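Me: I'd like to go through this model with you, starting with the surface and then moving on to pockets and salt bridges. Ready when you are.

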Amino acid sequence: GAYSAQMKAIMSAREREMQQYAKAQATAAGSKARLDGESERKRDLARILVKIKQTKQQHRLMADAVKASIASGFEWRALSDAVGQLTRSVGNADSRVRAAEQHAESERMRCERLQDQVQSIKGNIRVFARVRRLPHTSFVFDGSCSYPEEDSLSITDADAPGGGKAAGRKSFTFDRVFKQDATQQHVYRDVRPLVLSALEGYNACILAYGQTGSGKTHTMQGPESDPGVTLRTLRDLFQQSS
């Protein structure tokens, strides 16, 4: 009776932990979506700033042309009105530039706060597991691999001593488990927030660990047609910083 009560208490605590983790995952996914939207708005603001500066330069050129026309003997009143209108346009453009710059700075600070929230929810150190496809060789694994949850992995060895599948079953829990059919893009999508945090000035490190032949080089470097984390990170860094 005491053992049964203890097991029920353990299972109840485990269920509460899984519910808290699922809630944290949902919050992190929402924060990531908001971060992606903020990045797109920042790029739109940058394009608006470029257009405003181009318009300002055109107005200055037109003002110089008007002044040259005045020197050539055109009617003073009409040219004076044109110069005044151009001056007001330039002033309005300056105001829009300052407002856009202030908005861009506000959005940047908001992105930093959201990124901090995501990192705080997920934790500063995270461990992902990626299951490699079995190579087309004579090697045969008499067992099975299952994925009860996105963060768990269960391996069953039918030949394990003790009899039955239960004796040969081992379960592992990580922050994220990538199945055998997971693509390079799927893997990078989960580590991309670390890349973005590096752009905001935070230290970040991504490494692959495992025995020889486990797929570390494929995950980090990958082939030219399907690059891994390293090449995708460099490409993303240059695109985000440009």
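Me: Is L231 buried, partly exposed or exposed, and what is its relative accessibility?
Reply: L231 counts as partly exposed because its relative accessibility is 39%. Buried means under 20% relative accessible area, exposed means over 50%, and partly exposed is in between (1.4 Å probe, protein chains only). This is a predicted model: local features need pLDDT of at least 70, side-chain atom pairs count only at pLDDT 80 or more, and totals for chains, interfaces and linings use all residues. Residues are numbered from 1 along each chain as its sequence is written, and side-chain values use heavy atoms, with hydrogens and water left out.

Me: Where does L231 lie?
Reply: In helix α6, residues 229-241. Helices (H or I, at least four residues) and strands (E, at least two) are DSSP runs, numbered from the N terminus.

Me: Which residues form a nonpolar patch with L231?
Reply: L234 and F238 do, and the three have about 310 Å² of accessible area together. Patch residues have over 30% relative accessible area and no salt bridge; like charges are joined within 9 Å, nonpolar side chains (Val, Leu, Ile, Met, Phe, Trp, Tyr) within 5 Å. The areas come from the Shrake-Rupley method with a 1.4 Å probe, and for residues only the protein chains shown count as cover.

Me: Pockets next. How much space lies in the largest pocket?
Reply: About 1800 Å³. On a 1 Å grid over the protein atoms alone, a pocket is an open set of points with protein on both sides within 12 Å along at least five of seven lines, a cavity is a set where a 1.4 Å probe fits but cannot get out, and lining residues have an atom within 4 Å of a point. Grid points are joined across faces, edges and corners, and a volume is the space filled by probe spheres set on the points.

Me: What lines the largest pocket?
Reply: It has 49 lining residues, with F128, A129, R130, V131 and Y209 nearest its centre. Helix α4 gives the most, 5 residues. The lining divides into 27 nonpolar, 15 polar and 7 charged. Here Ala, Val, Leu, Ile, Met, Phe, Trp, Tyr, Cys and Pro count as nonpolar, Asp, Glu, Lys and Arg as charged, and the others, Gly among them, as polar.

Me: And the second largest pocket, what is its volume?
Reply: About 560 Å³. Of its 19 lining residues, S39, K42, R108, E200 and Q240 lie nearest the centre. The largest share, 6 residues, comes from α1.

Me: What lines the largest cavity?
Reply: K32, L35, D36, R192, P193 and L196. About 40 Å³ of space lies in this cavity.

Me: R192 again. Which residue does R192 meet in a salt bridge?
Reply: D236, at 2.7 Å, N to O. The pair links distant parts of the chain, with R192 in helix α4 and D236 in helix α6, 44 residues apart. A salt bridge is a side-chain nitrogen of Lys or Arg within 4 Å of a carboxyl oxygen of Asp or Glu.

Me: How many salt bridges are there in the whole structure?
Reply: The search finds 4. One of them joins D190 and R176, with the closest N and O atoms 3.5 Å apart. D190 lies in helix α4 and R176 in strand β5 (residues 176-178), so the pair ties together parts 14 residues apart in sequence.
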